[in-house]
Structure formats: structure tokens, C-alpha cells
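Hi,

Here is the structure I promised to pass along.

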Amino acid sequence: MASVAAVEGAAAALRSVLSRAQQAAARAGRAPESVRVVAVSKTKPVGVIRGVYDAGHRCFGENYVQELIDKAPQLPEDIEWHFIGNLQSNKAKALLAGVPSLDMVESVDDEKIANRLDRVVADLGRKPLKVLVQVNTSGEESKFGVDPSGCVGLAKHVKSSCPNLVFSGLMTIGMLDYSSTPENFKALTSCRKEVCDELGIPEEQCELSMGMSADFEQAIEMGSTNVRVGSTIFGAREYPKKN
């Protein structure tokens, strides 16, 4: 059971994050509605998420398939869930079947997972699924994501060969400690230009998901349209203690 203090604290923190995001957009000469804040609720109890929902927020992100499958049925159906963790192809069907309101998978990093998601969407008869291509902008082997040199090819594959997916843009995580540098943001922005030129779509139709709790304002100023903010809203992660 979530404490009243935890719920009220998260709701207040959300309001602060939304205000900061809008101010960052204004500094960049962009409209406030040009930025989506994904409230990343991994490890957080349903009661706290519900409190943030009751404060007016609708877009939430989760990293783990089973955790999202467990939480989603306990929460309102109009939540727009984003899956932002690495997704193994053998878990794609469980995710999409278990979370009918899944709005977007932000972590498509190869053709195999794109093809699997495309087939599952068709098999389930659900509406087309929005996806982002995850790009490894830091070059670290521990990070998932396609190399920047491969982002055009993967985006083209999703758009041309996956009719049940909607290519919606690009995502990056950044450095090993989940911080990002201006170089990471610039790399993703460069990828977007290449992808849009190749696909013949305007850059405004290609989202950039970059920026997290520590750097979302800088990310917005550098073009991000989608920021993933967890601990700044919900507090530190609550992982089970190991025996």
C-alpha cells in the first residue's frame, strides 16, 4: 500500500518536472506541447502510479515485461504505456497480449524484434504499434541499440517491411551510468536528419526520445520530444533486497 506522503510527493514532483520541461521547450523556441514526459515507474507500487495518474498524467514507462504485465490491469485503461527496456523477441507476445493499452515500444534495436512485434500485432488483431528505433550513441558494448551507421537501414526496414508497426522516431539511452552528453544528443539528432532525408519525411514527424532525470532539460533544449523521467518524480528505485 502506497503511503499518502509518497503519493503526494510524486504528484508534486510531477508538476515540477512538467513545468521545467515546458520552460526548457520555451527556451528552445518550441511549444510546451512539443515535449512528452514519460513518467518511468519501474519498481514503484501501483498506488503511487495511481496518484500520479490522478494528478492528471497519462503517459508512463516501464522497463520490464513482467512488471508491466502485472501493473497494467490494476490501473486505468487510458494510460499510454511506453515499454522502454530491452525486449527479447520471445516476450513480445506476452507484452502485447498482456497490455492492450501499450502505446509504444521505444527500444527496437534490430530487425528480428521489429519482425516479431509486427507479427504479434497482426496475430492479435490490435491497432498498429508505434515504435522507436533505439540507437547506441555512446558506443559502449554494454548498451543495447543499433550503431548510428545502421539507424537508417533499421528505420527503413520498419517503415517498408513491418506494416503493423508505425515508425515514430529514434531513442537513445546515453552513457553507462544513464547520463548523457551533448555528443549523445547531437548524434541522435544527426541520425534523425539522415533517416528523414532517406525516408522522405519531415523531421517534425520523427520523434527524438532522449534525456532522463539528470539531463532532460538539456535534452529538450537540444531537440528532444520525449523525455523519460523516473527518480525525479518517484524517488529512488526500490529493488528487492538480495539475501
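Let me start with charge: the chain has 28 positive and 31 negative charges, and their mean positions lie 3 Å apart. For that count, Lys and Arg are positive and Asp and Glu negative, with His and the chain ends not counted; each charge is placed at NZ of Lys, CZ of Arg, CG of Asp or CD of Glu.

Before going on, some ground rules. This is a predicted model, in which local features need pLDDT of at least 70 and side-chain atom pairs count only at pLDDT 80 or more, while totals for chains, interfaces and linings use all residues. Residues are numbered from 1 along each chain as its sequence is written, and side-chain values use heavy atoms, with hydrogens and water left out.

**Overall build**

The chain has nine helices and eight strands. Its radius of gyration is 17 Å, close to the 18 Å from the globule rule for 243 residues, so the chain is as compact as a globular protein of that length. (The radius is taken over C-alpha atoms, and the rule is 2.2 Å times the number of residues to the power 0.38.) Helices (H or I, at least four residues) and strands (E, at least two) are DSSP runs, numbered from the N terminus. Along the principal axes, the C-alpha trace spans about 50 × 45 × 40 Å.

The exposed surface comes to about 11200 Å², with carbon and sulfur atoms supplying 50% of it. Those areas come from the Shrake-Rupley method with a 1.4 Å probe, and for residues only the protein chains shown count as cover. Buried residues make up 51% of the 243, where buried means under 20% relative accessible area, exposed over 50%, and partly exposed in between (1.4 Å probe, protein chains only). Of the contacts (heavy atoms within 4.5 Å) between residues at least 6 apart in sequence, 62% join residues at least 24 apart.

**The core**

In soluble globular proteins, nonpolar side chains tend to be buried together. Here the largest nonpolar core has 68 residues, and L95, L102, V105, L117, F167 and L170 have the most contacts inside it. Such a core is a set of buried Ala, Val, Leu, Ile, Met, Phe, Trp, Tyr and Cys residues joined through side-chain atoms within 4.5 Å. Leaving out residues up to four places away in sequence, F167 touches V131, V133, A155, V158, V195, L199, I201 and C206.

L129 sits in strand β5 and is buried, at 0% relative accessible area. Its C-alpha is 4.8 Å from that of L165, 36 residues away in sequence. Beyond its neighbours within four places, the contacts of L129 include L102, V105 and L117.

Helix α6 (residues 151-161) buries C151, V152, L154, A155, H157 and V158. Among the elements covering these are β4 (102-108), α5 (111-124), β5 (129-134), β6 (165-171) and α7.

**Around α2**

In α2 (residues 46-54), the buried residues are V46, V48, I49, G51, V52 and Y53. They pack against α1 (4-27), β2 (59-62), α3 (65-71) and α9 (231-234). Just after the helix, G56 takes a positive phi of about 110 degrees.

T43 is in the loop between β1 (36-40) and α2. Its phi is near 70 degrees, a positive value in a residue other than glycine, and T43 is buried, with a relative accessible area of 17%.

Which residues does F234 touch, not counting those up to four places away in sequence? F234, in helix α9, touches A10, A39, V40, S41, K44, V48, I49, V52 and F60. At 10% relative accessibility, F234 counts as buried.

**Two loop residues**

A28, in the loop between α1 and β1, is partly exposed at 31% relative accessible area. Beyond its neighbours within four places, A28 contacts I220 and E221; A28 and E221 are 193 residues apart in sequence but 5.1 Å apart, C-alpha to C-alpha.

Is E204 buried or exposed? E204 is exposed, with a relative accessible area of 72%, and lies in the loop between α7 (182-199) and β7 (207-209). The C-alpha atoms of E204 and K156 are separated by 17 Å.

Best wishes
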